[in-house]
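Subject: Structure handover

Hi,

Here is the structure you will be working with. My notes follow below it.

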Amino acid sequence: MSRTLFRTRIKFCGFTRAGDVRLASELGVDAVGFVFAAASPRRVHATEARTMRNALAPLVDAVALFMDNDGDEVREVIRQVRPTLLQFHGGEDDAFCRSFGVPYMKAIAMRDGHDAIDTVSLRTRYPGAAAFLFDGHAPGGSGGSGQGFDWSRLPRGLDKPCVVAGGLRPENVFDAILATLPWGVDVASGIESAPGIKDGDKMRRFVEEVRRADCHTEPEPASGQPA
Ligand SMILES: O=C(O)c1ccccc1NCC(=O)[C@H](O)[C@H](O)COP(=O)(O)O
């Protein structure tokens with residue numbers, strides 16, 4: 001794929017403080033995520049997320065993240081927070097995910113050692129997905145754990161935007177982007193000082209490294225060599 005003029009989208013996930021949301025907006029991230037998964041240390045209530053959503057600058061998306069939450073809870077979050085995208089991390093099927101009338105991104109567990117991820121079965125199981133997020137946790141496990149995966153296991157030929165997540169940090173996101181050429185990258189723990197507490201310096205360095213990867217060009221072939 002040509003990277004000319006390409007800009008890797010950035011999503012920062014798991015906010016609990018409006019000040020962190022403001023700083024992420026100023027740093028130029030494309031989306032911020034609010035976690036409503038029951039077992040998460042980053043879990044926020046819909047009213048807290050609404051306050052943070054109101055701190056978002058224009059042109060920055062709000063993403064609501066769920067993991068096997070019931071439908072009424074998802075609807076209440078949509079009513080209060082008005083997310084532009086839903087992100088599902090559990091065993092939700094396509095019919096459930098699309099039933100809310102808001103575009104959704106399905107998270108796929110990529111923990112190494114598990115079965116290969118089959119492009120055809122993803123297409124078949126989630127025909128309504130707007131995007132897929134490949135995350136380093138085990139099937140049934142929670143995200144936001146800082147676990148990475150072998151990027152060469154990403155399925156090829158998916159006709160939907162792919163977001164890479166799991167164990168990304170300012171120190172490795174440059175390599176992750178060059179290795180996978182994703183539509184976007186997503187990070188939670190790699191920009192934190194504690195779960196839900198974002199670190200301004202890590203957020204800034206993460207964005208700088210994504211921009212550096214986007215400006216990176218392959219070295220020209222030596223003269224006399226075929227292009
Ligand atoms: O963040 C959580 O606590 C969480 C809980 C349950 C399901 C998903 C969760 N987070 C998802 C994310 O924040 C990211 O999409 C992704 O897992 C990256 O996390 P990290 O490896 O910490 O960067």
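Leu-59 counts as exposed, because 8 C-beta neighbours lie inside 10 Å. The cut-offs: buried takes 20 or more other C-beta atoms within 10 Å of the residue's own, exposed takes 12 or fewer, and partly exposed is in between; C-beta atoms are placed from the backbone. Leu-59 sits in the loop between helix 2 and strand 3. Its phi is near 70 degrees, a positive value in a residue other than glycine.

Two conventions before the rest. This is a predicted model, where local features need pLDDT of at least 70, side-chain atom pairs count only at pLDDT 80 or more, and totals for chains, interfaces and linings use all residues. Residues are numbered from 1 along each chain as its sequence is written. Helices (H or I, at least four residues) and strands (E, at least two) are DSSP runs, numbered from the N terminus.

Arg-82 also has a positive phi, near 55 degrees, and is not a glycine. It lies in the loop between helix 3 and strand 4. Arg-82 is partly exposed, as 14 other C-beta atoms lie within 10 Å.

Now the fold. Eight strands form a closed barrel in the order 1-2-3-4-5-6-7-8, with parallel pairing. Neighbouring strands of this sheet are turned by 25 degrees against each other on average, direction ignored. Axes here are lines fitted to C-alpha atoms, for helices over the stretch in contact, and angles run from 0 to 180 degrees between N-to-C directions. Two strands pair if DSSP finds at least two bridges between them.

Strand 3 (residues 61–66) is largely enclosed by the rest of the structure, because five of its six residues are buried. It pairs with strand 2 (residues 31–35) in the parallel sense, over five bridges. Gly-33 stands opposite Val-63 there. Strand 3 and strand 4 (residues 85–88) run parallel and are joined by four bridges. Ala-64 faces Leu-86 in strand 4.

Which residues of helix 2 are buried? They are Ala-49, Met-52 and Arg-53. They cover an arc of only 105 degrees around the axis, so they lie on the same side of helix 2. The arc is that of the directions from the helix axis to the C-beta atoms. Thr-47 and Asn-54 are exposed on the other side.

Next, the ligand. Of the 28 residues around it, Ser-40, Gly-143, Gly-144, Ala-188 and Ser-189 come nearest. A residue is near a molecule if its C-beta atom, placed from the backbone, lies within 6 Å of it. Strand 6 (131–135) and strand 8 (184–187) each supply at least two residues of the shell. By class, the shell has eleven nonpolar, 14 polar and three charged residues. Nonpolar covers Ala, Val, Leu, Ile, Met, Phe, Trp, Tyr, Cys and Pro; charged covers Asp, Glu, Lys and Arg; the others, Gly among them, are polar.

Last, Cys-215. It is in helix 7 (residues 200–215). Its C-alpha atom is separated by 8.6 Å from that of Leu-5, 210 residues apart along the chain.

Best wishes
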